[in-house]
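This report describes selected side-chain features of one model. The sequence and structure come first, followed by the notes.

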Amino acid sequence: MEVEAAATAPGEKVGERDGAGGDPIVGDPKETAGGPVVIDGKAPAGGSARSERKETSGDPVGTVEKGSAEDLVARCIAPVKKEFLKPKEVRVATERDVDAGQDEKSTKKRERRERKKEFLKHTAATGDGCSKFLLEGHCPFGDRCKFGHDLEGYLKKKMKDLPGCCPFSKAAEKCRFGVTCRWSSTHDGGSMPDFQSDAKSESENEPKKGDCDEKKSDISIPEFVVLNVPAKIEEPINGLKKDLQTKLRKQQYDFSKVDGVLLELGIKISRPGKKRTIRSKGEPPEAPDASVTETPIKKQRIESEGGGSIEKTCTAAHVPLRESEKRRIDFRDKMYLAPLTTLGNLPFRRICVGLGADITCGEMALATNLLKGSPSEWALLKRHPSEKTFGVQVCGGYSDSLSRCAGLIEDGLDVDFVDVNMGCPIDVVCDKGAGASLLQKVSKTEQILKGMSRVLSCPLTIKIRKGYRDRHDIAHTFLPKVGAWGASAVTLHGRSRQQRYSRAADWDYIYKCADVAPDIQLIGNGDVFSPSDWNQHHEKKNVATCMIGRAALVKPWLFTEIGEKRLWDISAGERLDILKDFCSFGMEHWGSDTRGVENTRRFLLEWLSFLHRYIPVGLLEVLPQNIQWRPPPFYGRNDLETLMASDNSTDWIRISEMLLGPPPESFSFTPKHKSSAYVSDIHGEPLEAQHHGQENG
């Protein structure tokens with residue numbers, strides 16, 4: 001069902017629909033009081049919990065009726081139509097609630113440890129079988145292997161196979177996960193396994209399009225949904241190769257070119273990373289090869305702070321590319337998906353690309369971990385072939401480590417741009433001198449940009465906030481200089497580091513920065529949640545485009561809405577199709593064995609902790625939905641839509657069971673990030689946001 005984004009004029013009310021899915025009728029507000037209210041093309045965010053304010057009618061000053069759409073919007077509560085609201089639950093505050101709020105900070109580390117233990121316990125559900133033995137029939141470690149080589153014992157412990165076909169059955173001759181695959185019974189022409197009571201056919205289970213027009217329908221929630229089997233599987237690129245990992249871990253990687261650039265710029269190299277040769281005990285040093293000519297050495301005199309000069313020795317100078325020789329990227333008018341911690345994984349980015357995203361960026365990777373050859377950190381740099389314009393985001397506090405990281409990316413990765421995170425508000429990042437703390441060290445920012453830009457042949461971009469502390473905006477003071485330092489574009493989040501994600505983003509300040517730095521592509525970021533938000537900000541002079549972050553987690557079809565200039569009243573069945581695609585992509589990426597299925601489940605649940613915040617268009621009295629609104633408990637137009645709107649993690653697990661089967665025994669889930677830019681006190685009233693930075697800056 002579609003709703004035109006520009007169907008109403010500012011301040012007009014929309015009348016009742018002429019039948020299911022009909023076009024809205026614009027008329028006199030008195031005659032159409034029951035329909036959605038559109039204010040200036042978008043719903044006002046509101047900012048005060050007071051109900052007294054000016055009315056839009058003839059009376060200049062009046063009292064707004066409590067519980068009306070205007071009153072709810074003023075208090076940042078989503079104005080859901082009354083017939084869909086759930087009865088209000090009375091909850092009595094306990095001492096435990098108060099203590100939990102006070103001790104929240106002190107228990108963060110303990111909660112992280114518990115989540116990690118739970119995850120390891122769940123992913124170890126495959127038993128102690130040796131993967132090499134199970135997949136290849138032999139193990140190079142033989143009897144010394146600490147994992148079991150008992151195939152029959154493994155098969156007894158293995159969880160029951162899932163219905164449907166192996167995700168690799170059509171695209172490959174043989175599934176690479178062998179007997180560990182959760183669909184192994186279908187290998188070699190086997191029959192589909194039974195699943196509890198037999199799974200119903202997909203046509204019976206799936207809600208039909210158009211059913212979303214009814215308040216309640218006879219659609220039952222399916223017990224299990226068979227996933228799609230891709231006909232072709234495209235392998236991701238930018239993986240960490242074993243020989244590169246060995247060189248990085250043994251500090252044998254050649255950074256001579258990067259070090260030459262740093263010395264020319266007068267930047268101190270804290271960790272030279274000298275090459276080491278491993279020899280057997282008592283073996284004499286290897287004689288130099290006479291056929292190989294040594295790299296010419298040059299001495300460079302660098303002026304010291306005391307007025308004298310120092311001599312530094314480095315290898316042959318690396319000649320940087322001229323600006324005209326470098327690759328370029330035009331961000332203007334492109335839909336840019338923000339790099340998102342945990343949730344901006346490769347399967348999720350594929351979903352967004354399929355829904356219309358033009359530019360994607362990998363999750364934030366720490367430069368120091370990349371230089372150590374950490375597999376988990378390098379996994380964040382992987383790129384799927386469907387990502388036509390793709391960048392990686394790195395984070396660090398030192399110009400030498402970031403420049404060396406840029407050298408690694410330049411030598412071995414296929415990326416269209418490199419982004420430096422200078423806006424992450426998380427304490428553990430800022431305490432190490434990285435992220436938003438760089439806003440307080442402009443000279444260090446200059447060193448980082450100059451060093452990295454001279455190493456890279458692709459464009460270098462940065463992501464920043466307007467300042468470190470509230471009421472101390474500083475981005476406009478150095479933005480006109482970053483182009484000369486080597487940056488090709490700047491993404492500016494309209495909040496300070498202290499502000500995190502509370503209150504609305506300051507787009508007026510973003511416009512101001514765009515005016516003072518017209519020579520650089522400035523990308524605005526913050527609270528874009530509808531086509532009208534996009535149009536309002538994108539049409540401003542000198543703003544190249546808008547970056548979409550948390551909105552993509554709540555409604556990834558926002559890219560489709562912007563591209564087609566309409567609000568999409570997406571049905572529950574269509575949303576389930578998106579989740580099915582995510583699970584299929586997840587098992588392509590993480591695997592079809594128990595570990596891969598549980599990895600997919602974990603990331604699906606993290607995503608569902610955001611997706612439940614979406615309120616269907618047909619249920620709102622005011623259009624469009626604002627990202628700062630707090631959704632009240634409401635019923636959907638069918639059982640599946642009601643389930644998807646639940647904020648209970650037990651219901652999220654139930655959705656995952658529909659797609660991925662039952663989880664291991666004693667499974668539980670706690671979201672890694674708070675899923676909203678608001679919290680509620682013990683009485684349920686909305687308070688300021690206390691968000692923990694799932695978007696990288």
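## A side chain to backbone contact

A polar atom of the E574 side chain lies 2.9 Å from the backbone nitrogen of S571. A polar contact here is a pair of N or O atoms within 3.5 Å; within protein, one must be able to donate a hydrogen and the other to accept it, and residues adjacent in sequence count only if both atoms are side-chain atoms. E574 belongs to helix α20 (residues 572–590); helices (H or I, at least four residues) and strands (E, at least two) are DSSP runs, numbered from the N terminus. With a relative accessible area of 15%, E574 is buried (buried means under 20% relative accessible area, exposed over 50%, partly exposed in between, with a 1.4 Å probe and protein chains only).

## Basis of the model

The model is predicted: local features need pLDDT of at least 70 and side-chain atom pairs count only at pLDDT 80 or more, while totals for chains, interfaces and linings use all residues. Residues are numbered from 1 along each chain as its sequence is written, and side-chain values use heavy atoms, with hydrogens and water left out.

## Nonpolar cores

The largest nonpolar core has 150 residues. Such a core is a set of buried Ala, Val, Leu, Ile, Met, Phe, Trp, Tyr and Cys residues joined through side-chain atoms within 4.5 Å. V418, I464, V482 and L659 have the most contacts inside this core. A second, separate core of five residues includes M364, C395, V429 and A434.

Beyond its neighbours within four places in sequence, I464 is in contact (heavy atoms within 4.5 Å) with residues including M422, L439, F478 and V490.

## Aromatic pairs

There are 11 aromatic pairs in the structure. Rings of Phe, Tyr and Trp (its six-membered ring) pair if their centres lie within 6.5 Å; planes under 30 degrees apart count as stacked, over 60 as edge-to-face and the rest as tilted. F331 and F417 make an edge-to-face pair, 5.5 Å centre to centre with 75° between the planes. F331 is in the loop between β5 (309–314) and β6 (336–337) and F417 is in strand β9 (residues 417–422), so their pair ties together parts 86 residues apart in sequence.

F417 also pairs edge-to-face with Y336, at 6.1 Å centre to centre and 85° between the planes. Because Y336 lies in strand β6 and F417 in strand β9, this pair ties together parts 81 residues apart in sequence. F331, Y336 and F417 form one aromatic cluster. F331 is buried at 1% relative accessibility, and both Y336 and F417 are buried.
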